Amino acid sequence: GNFPIKVVADNPTTDGCSGKQEINMDLQVYNRPVAEFDTSYTGCLYDSIQLTAKTITDRPEVKWSWQLGDGSIGSTKTLSHQYKKSGTYVIQFSSINDIGCFSDTIQKTIKIDELPVASYKIPAINCGTDTVLFSNQSSLPTGRSAIFYWDFGDGVQTSSNSLSDMSHQYASEKTYATSMYAVTQIGCKSNVANIPLTINYKPRVDFILPEVCISDAYATFINTSVIGDSTQAQFKYLWNFGDEANANPTNSNTSITKNGRHAYHQAKQYNVSLKVTSKDGCGADTTKLFTVNGALPKAGFSTENPTGLCSNQPVSILDASSVDFGKITKVETYWNYANNQTDVVIDDAPSPGKPYTFNYPDFGSPLSKTYQLKYVVYSGITCKSEMSRTIKLLASPQLTFDAPGPVCAEQPSFQLTTASETTGLPGVGMYSGPGVTGGNYFTPHQSLTGIVPLTYLFTASNGCMADTTQTIRVYPTPTVYAGPDRTLLEGGSITINATASGNSLTYLWSPSTGLAPLQSLSPAVSIAEDMIYTLKAISSDGCIGSDQVYVKALKNVKAPNAFTPNGDNINDTWQIKYLESYPECDVRIFNRYGQLVYQSSGYTTPWNGTYQGKPLPSATYYYIIDLKNGRVPANGSVTIIR
């Protein structure tokens, strides 16, 4: 605080005068500074620690004192320091203000961790799609855990929170840049460990099994193994022939040659294996079940339909061979052994009941031919059996079929005659196809238009059949519509509007009476009597289509001026000539007073001179006839005479 102080000085003189003086002053007393500081650090070796003084003081600080625990000191308010070794350090700090007041000294203990060390191992040889083991050899500071970040070099990255090993499978053979690093739970990061990893090609192991019987001297296994980098010339081989019980120094059960060879002395099945190692040390193996066949094969086959073999059909036989143990390994078929002993068909993959077919030359004369068929079967290289059989073939129809000429669809049915059997072989031939009826007749309008397929089938008396195909062109009939039936007023004229479709058509009307022009789809008609006209349309292919139209000529009505309704059946009704042609007409008759005495719509029942059922008197009556066809109504008088 602030304290007042008074000082009294007594300084007497020699002459006895008083020498007292009084001095007043204020004394300011300050609090002692309280030392404090902040630290900022990760705790990881080689990371700097940041120190900042935070002293509580009434006066400005002018001096700072740091002791960092590793022999290092500092004298600034803020300080950055990097420790060279891991461990626990005690940091001491004090400060002095501008009037020389010392703070106390405070201290804080910090821990600096060693950095984790990333390390891993991989196998020296890595092959194909085998799983690669990444062995984690990393080390961590005592009491610390970490997350390990892995990069397998093929775009796949992962992490783990333990020192456990990792595994990965690669899709292709090449060299990958793999890496790994660790980060502890306080954020200390290790070095990045890198190892290039080469995935080498792995052999694709395979071999061909020989087909042998117990009588054959050796079984030779043909190696067909390959590798993706084409270095199979540097392969190393190890064969195991599966015959350890019967092996001896001159006939070893194993071999390191490219193609294995072994002599078997017992007909049975063996497990033969081959292991192949590449130049890079990648190995692969395979095992196959191998059969040593018996020495007693027996050839046999059956012929399908042996009594009805036609020369134009394939001959089919079914294998019926057998062997005392194992299987038949090869079949040789000589289809015409008597005439050609070198023409053979070989099957290296036979099976029981397997069919074999052959086409002999087709013939129509003579009526039959015979061939010698020889059948040879093998159960190994030297073990074989054979049999022979005579094959009888029947003559087959030999056909010719000339294309019929083109026809129009409207033509009548006609007989087909352009196909025949050429060798005179007895039998019956029939046609079939769209529009064919009765086996020999073609009806164009029942067929298709365009190119129509026809088939000619000939069945010989011996049961052999043959067919051949040909086509006939059917031109379409023009489509013609002469139009609806028409009416024509006597002395008038109308135009017919016909339509037609087809290929380049020309037209002709008949008869020519009252119609012109005759070659038009829209001719004019002027007639006095009813007519039926026919329109023909002729295409450029010569096909004709036709249609008819009826034109009715309506006559002028002729009404008599008198009739005698006296019951003698002569002229008893008013007969109006040609009125029947106007069924919609309206007829009205009036007396001289203008009274309506008769009316009729249509004139199906002529007027008999009565009104309301009673005879009218003899007199002159007046009529109006409306024909309802656009003509001016006719009028006049009619007299009843009794």
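Which side chain meets that of D206 in a salt bridge? The partner is K288, with 2.6 Å from N to O; a salt bridge is a side-chain nitrogen of Lys or Arg within 4 Å of a carboxyl oxygen of Asp or Glu. The model is predicted, so that local features need pLDDT of at least 70 and side-chain atom pairs count only at pLDDT 80 or more, while totals for chains, interfaces and linings use all residues. Residues are numbered from 1 along each chain as its sequence is written, and side-chain values use heavy atoms, with hydrogens and water left out.

The D206 and K288 pair links distant parts of the chain, 82 residues apart. D206 lies in the loop between β16 (193-198) and β17 (207-208), and K288 in strand β24 (residues 283-293); strands are DSSP runs of E with at least two residues, numbered from the N terminus. D206 is partly exposed, with a relative accessible area of 33%, and K288 is partly exposed at 23%. Here buried means under 20% relative accessible area, exposed over 50%, and partly exposed in between (1.4 Å probe, protein chains only). Over the whole structure, 14 salt bridges are found. Among them is the pair of K279 and D280, at 3.2 Å from N to O, in which K279 is partly exposed at 41% relative accessibility and D280 is partly exposed at 24%. In another, the closest N and O atoms of E332 and K330 are 3.7 Å apart; E332 counts as buried at 10%, whereas K330 is partly exposed at 23%.

The count of disulfides (pairs of cysteine sulfur atoms within 2.5 Å) comes to 5. With bonded cysteines counted along the chain, the pattern is 1-3, 2-5, 4-7, 6-9, 8-10. C44 is buried at 2% relative accessible area, and C188 is buried at 1%. C127 and C282 are joined at 2.0 Å, in a left-handed link with -90 degrees about the S-S bond; C127 is buried, and so is C282. A further disulfide joins C408 to C543 at 1.9 Å, and both cysteines are buried.

The largest nonpolar core has 35 residues, and Y360, L373, Y375, L393 and F442 are those with the most contacts inside it. A nonpolar core is a set of buried Ala, Val, Leu, Ile, Met, Phe, Trp, Tyr and Cys residues joined through side-chain atoms within 4.5 Å. The elements giving two or more residues to this core include β32 (368-378) and β33 (384-394), and β41 gives the most, with 5 residues. A second, separate core of 20 residues includes W574, Y603, I625 and L627.

The largest pocket has a volume of about 170 Å³. On a 1 Å grid over the protein atoms alone, a pocket is an open set of points where a 1.4 Å probe fits, with protein on both sides within 12 Å along at least five of seven lines, and lining residues have an atom within 4 Å of a point. Its lining includes Y218, F241, R261 and H262.

How values were computed:
Helices (H or I, at least four residues) and strands (E, at least two) are DSSP runs, numbered from the N terminus. Grid points are joined across faces, edges and corners, and a volume is the space filled by probe spheres set on the points.
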